[in-house]
Every structure is written in structure tokens, then in C-alpha cells.
Amino acid sequence: CINCFHVKADHNESALRENVPSRSVHTIRATLNQRNVLLRATGSAEQRKALRIQNIQAEILSTESSYLEQLNRIIQNYHEPMIKAKIISPHSKAERSIFANIRILEHVHQKLLYDIRAVHSRQGFPDGLIAEMFLGLIPYLTLYNEYVTMFDEGT
């Protein structure tokens, strides 16, 4: 559960990636697009409303997936190479001013994406569950304050 999530420095990153259900965002979107066409022509108002909700859910899944991919690119293409090349030292002021707490943010969003995919693959999103997942992120929103502050100082 997202409310139970605690960020750990020694967290096994591959464990979250391996356990995420394999149904891709593109597959979900393609299925919804086919349903959109069919329901616009033949569906009831209730069916069209349900489809709009599914489209919103797919958009949330797609957006979170894209955001996590972008964080991973920053880490893999900039953060890790700069540390390996000893351009910056881990836990140094220079690292914090450039990357702030990007690793912690990555773990938070891995967990969120895992939870979203797991729930979506089982049953779609029951009423209120997606909101509950995002409400569980409230304690972690302060991480963005540090990130933005350090971004301003790093530029």
C-alpha cells in the first residue's frame, strides 16, 4: 500500500521493475481507443461515462510511467556517469545542488507506478482508490520543495 511505503537507501531497484504486471500502457491505450470508437456509435451514456473514466485512468498510468522514465534517464545518463567519472562526489553539496534527492523521488514514483499498474491489471481502479494512492504521496511532496530549491541554486 502506498501509505505504508518507506523510502530506503538500500532498496532493491530491480525488484519493483520485475514485479510490475507486463500489460503495457500502449496496449491499454489501444484497447481503450477501440472501445471508444465502438461505444461512441452504440454505447449508452453510462457506458460512455465508464469509458471516459477508463481513459483518465490510462492517462494517469501513462503520465506516471513517462515521468519515471524521465527520472531514470537523468539518473542513468547524467547522475551515475558524473559520479563514476568523479566529476561530483556522492552526498556532496555539488551533487545535492544538481540532483537534490532524485534517487528518493525515483523510489517513490517506482512504488506509485507499481501500485497503479498492479491495481489496474487486476480490476481497473475502484472508486476513490487512485485518489487514495496520490493522497499517500502527501508526506513525500516536501521532497519536491528541496528539489526545486536546489534547482534554483544549481542554475
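Which residues does His-109 touch, not counting residues up to four places away in sequence? In this predicted model, in which local features need pLDDT of at least 70, side-chain atom pairs count only at pLDDT 80 or more, and totals for chains, interfaces and linings use all residues, His-109 touches Glu-64, Tyr-67, Leu-68, Leu-71 and Tyr-144, a contact being heavy atoms within 4.5 Å. Residues are numbered from 1 along each chain as its sequence is written, and side-chain values use heavy atoms, with hydrogens and water left out. His-109 has its place in helix 5, residues 102–123, and counts as buried because its relative accessible area is 7%; buried means under 20% relative accessible area, exposed over 50%, and partly exposed in between, computed with a 1.4 Å probe and protein chains only.

**Overall fold**

The secondary structure comprises seven helices and zero strands, so that the order of elements from the N terminus is α-α-α-α-α-α-α, where helices (H or I, at least four residues) and strands (E, at least two) are DSSP runs numbered from the N terminus. Of the 155 residues in the protein, 35% are buried. When contacts between residues at least 6 apart in sequence are taken, 73% join residues at least 24 apart. The protein exposes about 9900 Å², of which carbon and sulfur atoms supply 55%; accessible areas come from the Shrake-Rupley method with a 1.4 Å probe, and for residues only the protein chains shown count as cover.

**Core and surface**

The largest nonpolar core has 19 residues, among which Ile-116 and Met-133 touch the most other members; such a core is a set of buried Ala, Val, Leu, Ile, Met, Phe, Trp, Tyr and Cys residues joined through side-chain atoms within 4.5 Å. Helix 3 (45–84), helix 5 and helix 6 each supply at least two residues of this core, and helix 5 gives the most, with seven residues.

On the surface, Leu-135, Ile-138 and Leu-141 form a nonpolar patch with about 300 Å² of accessible area together. Patches are made of residues with over 30% relative accessible area and no salt bridge, like charges being joined within 9 Å and nonpolar side chains (Val, Leu, Ile, Met, Phe, Trp, Tyr) within 5 Å.

Glu-146 has its place in helix 7, residues 142–154, and is partly exposed at 33% relative accessibility.

**Charged pairs**

Side chains of opposite charge can pair when their charged atoms come close. A salt bridge is taken here as a side-chain nitrogen of Lys or Arg within 4 Å of a carboxyl oxygen of Asp or Glu, and by this rule the count comes to four; the table lists pairs from among them.

| Pair | N to O distance |
|---|---|
| Glu-69 and Arg-73 | 3.8 Å |
| Glu-106 and Arg-103 | 3.6 Å |
| Lys-111 and Asp-115 | 2.9 Å |

Glu-69 and Arg-73 are separated by about one helical turn because they are four residues apart in helix 3; Glu-69 is partly exposed at 41% relative accessibility, and Arg-73 is partly exposed at 46%. In helix 5, Glu-106 and Arg-103 are three residues apart and therefore separated by about one helical turn, with Glu-106 buried at 2% relative accessibility and Arg-103 partly exposed at 25%. Glu-80 joins Arg-103 and Glu-106 in a network of salt bridges. Lys-111 and Asp-115, four residues apart in helix 5, are likewise separated by about one helical turn, and both are buried.

**Backbone in the loop between helix 3 and helix 4**

Most residues other than glycine have a negative phi. Lys-86, in the loop between helix 3 and helix 4 (93–99), has a positive phi near 60 degrees and is exposed at 71% relative accessibility. His-91, whose place is in the loop between helix 3 and helix 4, has a positive phi near 65 degrees and is exposed, with a relative accessible area of 69%.
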